[in-house]
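Let's take a walk through this structure together, starting with the whole and ending with single residues. Please have the viewer open as you read.

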Amino acid sequence: MTILFAQTAWLVPLYPLVASLFSFLWSPGLISRTGPRPCGYLNLLLVTLAFAHSVAALLALHANANAGASALYRPLTFGWTWLNTAGLRIGFDGLITEPALIAMTVITGLHVLVQIYAIGYLEMDWGWPRFFGSLSFFEAGLCALVLTDSLFFSYVILELLTLGTYLIVGTWYNQPLVVKGARDAFLTKRIGDLILLAGLIALLPLTGTWNFHGLQGWAADITNNGQPLPAGFQLILLALIAGPMGKCAQIPLHLWLDEAMESPLPSTVLRNAVVVVGGAWVLLRLEPLLELSPLVQSVLVVVGASTAVVASLIALAQIDVKRALSFLVSSWLGLLFVAVGLGGTAVADHLMLVYPLPMALLLMAIGTVVISNVTQDLTQLGGLWSRRPLIGLAFLAGAAGLMGVPPFGGFAALRELLALTASSAHPWLLSGVVLLSNALISAGLIRVFGQIWGGRPTPFTQRSPEVLWLMVLPTTVLMGLVLHLPQLLVRNGVYAMTPIPGWGPLAWPLLLSTLLGGGLSAAFYLRPHGLARLPEALGGLQEWLAHDMQTERFYHATVVALVLALARLGAWSDSRLVDGFSGGAGSAALAGARRLSFTTSGRSQAYALTLVLGVLLMAAWLLAARPMSLLP
């Protein structure tokens with residue numbers, strides 16, 4: 001009987017989708033007398049059902065040994081055909097596997113906590129229908145993404161998530177910065193999506209399938225038979241990784257994530273914790289194809305390593321707390337790209353597994369500060385440890401989960417990555433990137449903690465009231481999950497207890513890099529130090545980092561300028577060449593007709609004389625041509 005929950009796990013995305021659709025009843029004001037609150041409660045109820053179904057399906061998979069083996073080696077499948085014509089079949093083929101059920105449990109569980117958190121955060125807001133409906137739409141898309149076995153429908157779902165990002169970032173659409181953030185996030189992600197679509201279309205004629213398991217079999221045949229790669233296949237792979245690069249905010253498509261921070265903070269929790277990982281999920285499903293091309297793997301390593309270092313440096317100069325954390329998101333996911341590029345699928349899986357809960361905890365803790373202190377400027381905060389110690393402990397727990405601090409999950413995953421880079425073709429360079437990135441991420445997290453909870457109270461924090469229990473409760477529950485995550489990983493065989501979870505080769509260098517980065521940051525920011533802000537001679541460096549290394553200005557001077565130049569050239573050629581040719585030909589025809597009209601006098605004698613002269617000239621030409629044709 002319990003296996004029925006696993007067999008019907010495809011219903012999980014439908015719960016939040018129904019909640020999202022029902023939100024339209026309140027959004028246009030069809031149900032006006034109740035106010036917007038029932039919409040939020042309805043969404044919370046249905047996403048709780050989705051979480052309960054996910055947990056029941058996962059427990060059923062573990063409780064029934066036969067069902068578990070079947071799900072691992074012969075997964076439960078479902079599907080429906082969307083299009084079947086002219087030999088082309090496009091269908092939503094799904095697989096119910098243990099990784100998919102774990103991912104859905106994390107997604108739905110976090111979403112329940114975020115919905116409770118949002119009820120307190122947006123207590124006085126009237127935009128509940130649009131906001132809660134968009135959150136449920138996000139959850140439905142993410143659950144469908146982890147279930148589908150189709151690359152085509154993965155692309156479709158990623159497109160829907162891009163639309164959801166635009167809608168939810170633009171929740172407070174009467175503010176100019178919000179409009180700009182929603183637009184920039186939508187357009188930046190669309191670049192990666194369009195390139196992904198081009199690779200998607202070009203892939204089908206070569207492989208004959210869009211299903212991930214079919215692509216895995218095709219890649220295995222290529223490898224086992226020693227066949228050369230088809231012409232242009234590496235370009236197709238480069239196009240396929242563009243979509244995940246945009247979703248994971250990797251260089252050069254990294255600017256959208258900090259722009260999206262203009263949305264209400266509860267949506268930021270969900271987006272930065274699980275939505276960005278959707279691109280990484282698709283990238284990992286493409287790993288069998290990526291292993292065929294060392295060039296593409298090198299591109300992934302270069303992109304991931306550069307993003308990990310650059311984004312963590314930019315985070316150190318941000319004064320907006322939400323933007324500081326957003327760049328740390330890009331940096332952590334950059335390390336995941338390095339793992340994929342080096343062929344460490346298991347390492348990348350572990351990095352993705354330990355990431356969502358600590359990041360969500362960090363953002364929830366920050367949200368309780370932002371909502372009660374009316375600012376998110378780090379320079380205006382400080383001295384909250386004596387007033388908000390519980391939330392400070394929650395932030396430290398989330399930070400420890402992402403830094404290389406044993407026994408937390410982040411340490412184990414980062415140590416595996418360090419061991420992977422040490423065995424690569426460039427061990428010193430890549431291991432140095434991992435250690436430097438870990439040190440910078442640790443420094444960035446301790447910097448945020450020091451500027452909020454360290455130092456002396458400021459006018460903004462002198463009277464810092466406690467927030468509603470609806471925000472404190474999910475934050476403390478999530479803190480408990482983060483603290484127990486290492487035990488859960490050991491219990492399920494992900495890591496071994498030797499002597500602490502995840503300990504192994506190169507553990508000491510990783511721990512030292514954490515202590516170096518976090519220790520220096522603590523010395524500068526727990527009790528504000530003069531060197532926390534660079535001297536005047538180096539102040540330009542800090543300003544340069546604070547403005548994202550002037551990346552946006554560079555794009556305006558290059559990409560945007562090129563597009564504008566091509567647009568002006570197209571407008572000139574259209575007005576001068578296309579319109580000029582057609583207009584000139586029409587004018588010439590009209591002028592000729594006008595001149596011919598002058599020859600028309602209206603006198604019948606002139607017409608008759610012209611006709612007679614024409615007949616005489618034709619007769620004369622015939623008489624002159626006949627004798628010449630009779631010559632020998």
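Predicted model: local features only at pLDDT ≥ 70, side-chain atom pairs only at ≥ 80, totals over all residues.

Residues are numbered from 1 along each chain as its sequence is written, and side-chain values use heavy atoms, with hydrogens and water left out.

Seen as a whole, the protein has 26 helices and 2 strands; helices (H or I, at least four residues) and strands (E, at least two) are DSSP runs numbered from the N terminus. Its radius of gyration is 32 Å, well over the 26 Å that the globule rule gives for 632 residues, so the protein is more spread out than a compact globule. That radius is taken over C-alpha atoms, and the rule is 2.2 Å times the number of residues to the power 0.38. Along its principal axes, the C-alpha trace spans about 120 × 65 × 60 Å.

How much of the protein is buried? Of the 632 residues, 51% count as buried, where buried means under 20% relative accessible area, exposed over 50%, and partly exposed in between (1.4 Å probe, protein chains only). Among contacts (heavy atoms within 4.5 Å) between residues at least 6 apart in sequence, 79% join residues at least 24 apart.

Now zoom in on helix H18, residues 356–373. Its 18 residues should span 26 Å at 1.5 Å a residue, and this agrees with its end C-alpha atoms, which are 26 Å apart; the expected span is 1.5 Å times one less than the number of residues. H18 is mostly covered, with 17 of its 18 residues buried. Just after H18 comes Val-374, which takes a positive phi of about 60°.

Next, find Ile-314 in helix H15 (residues 294–317). Ile-314 counts as buried because its relative accessibility is 1%. Which residues does Ile-314 touch, leaving aside its neighbours within four places in sequence? Its contacts are Phe-327, Leu-545, Asp-548 and Met-549. Ser-331 is 17 residues from Ile-314 in sequence and 9.8 Å away in space, C-alpha to C-alpha.

Finally, turn to Ser-582 in helix H25 (residues 551–598). At 44% relative accessibility, Ser-582 counts as partly exposed. Between Ser-582 and Ile-201 there are 37 Å in space, C-alpha to C-alpha, and the two are 381 residues apart in sequence.
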